[in-house]
Amino acid sequence: MASPQRDVIDFSALEKELKSSVESEHKYKRENDAKLRAVSQGVSSYQQFRDIVLSCHLKPLQRHDKNPRKQPWNPLLGPHTCTPGTPTSTSVNTSTGD
């Protein structure tokens, strides 16, 4: 006779194991494809081969993925400030000379 404790299935542990196995399989296929691609490209060194395999999980950015910067690189400098002596396109003399 089987004990009732042994008949209980822990579905959360089973699901976690399944997700881990699926992710491991995806990683294996992704890295294997990268290895085959690197060999077919004829990389010249092991370092290049290794870099291709290590970066195989990266995906190129799409147009909508890019985040336009609304802040200047240097927030201390405003849009109209410049260093002394540096010409700018907005510093045109518009006086009439009267």
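How many helices and strands does the protein have? In this predicted model, the protein has 2 helices and 0 strands. Of its 98 residues, 4% count as buried.

Helix α1 covers residues 11-41, a run of 31 residues. At 1.5 Å a residue, a helix of this length should span 45 Å.

A nonpolar patch lies on the surface and is formed by I9, F11 and L14. Together these three residues have about 330 Å² of accessible area. One of them, F11, belongs to helix α1. F11 has a relative accessible area of 58% and is therefore classed as exposed, the cut-off for that class being over 50%.

The salt-bridge count for the model comes to 1. This contact joins the side chains of E15 and K19, with an N to O distance of 3.7 Å. Both E15 and K19 lie in helix α1, where they are 4 residues apart, about one turn of the helix. An α-helix has 3.6 residues a turn, so residues three or four places apart point the same way. The two partners fall into separate accessibility classes: E15, at 46% relative accessibility, counts as partly exposed, whereas K19, with a relative accessible area of 56%, is exposed. The value for E15 lies between the limits of 20% and 50%, so E15 is placed in the intermediate class.

L36 is also located in helix α1. Its relative accessible area is 54%, and L36 therefore counts as exposed. In sequence, L36 and F49 are separated by 13 residues. In space, the C-alpha atoms of L36 and F49 are 9.9 Å apart.

How values were computed: Residues are numbered from 1 along each chain as its sequence is written. This is a predicted model: local features need pLDDT of at least 70, side-chain atom pairs count only at pLDDT 80 or more; totals for chains, interfaces and linings use all residues. Side-chain values use heavy atoms; hydrogens and water are left out. Buried means under 20% relative accessible area, exposed over 50%, partly exposed in between (1.4 Å probe, protein chains only). The expected span of a helix is 1.5 Å times one less than its number of residues. Patches are made of residues with over 30% relative accessible area and no salt bridge: like charges are joined within 9 Å, nonpolar side chains (Val, Leu, Ile, Met, Phe, Trp, Tyr) within 5 Å. Accessible areas come from the Shrake-Rupley method with a 1.4 Å probe; for residues, only the protein chains shown count as cover. A salt bridge is a side-chain nitrogen of Lys or Arg within 4 Å of a carboxyl oxygen of Asp or Glu.
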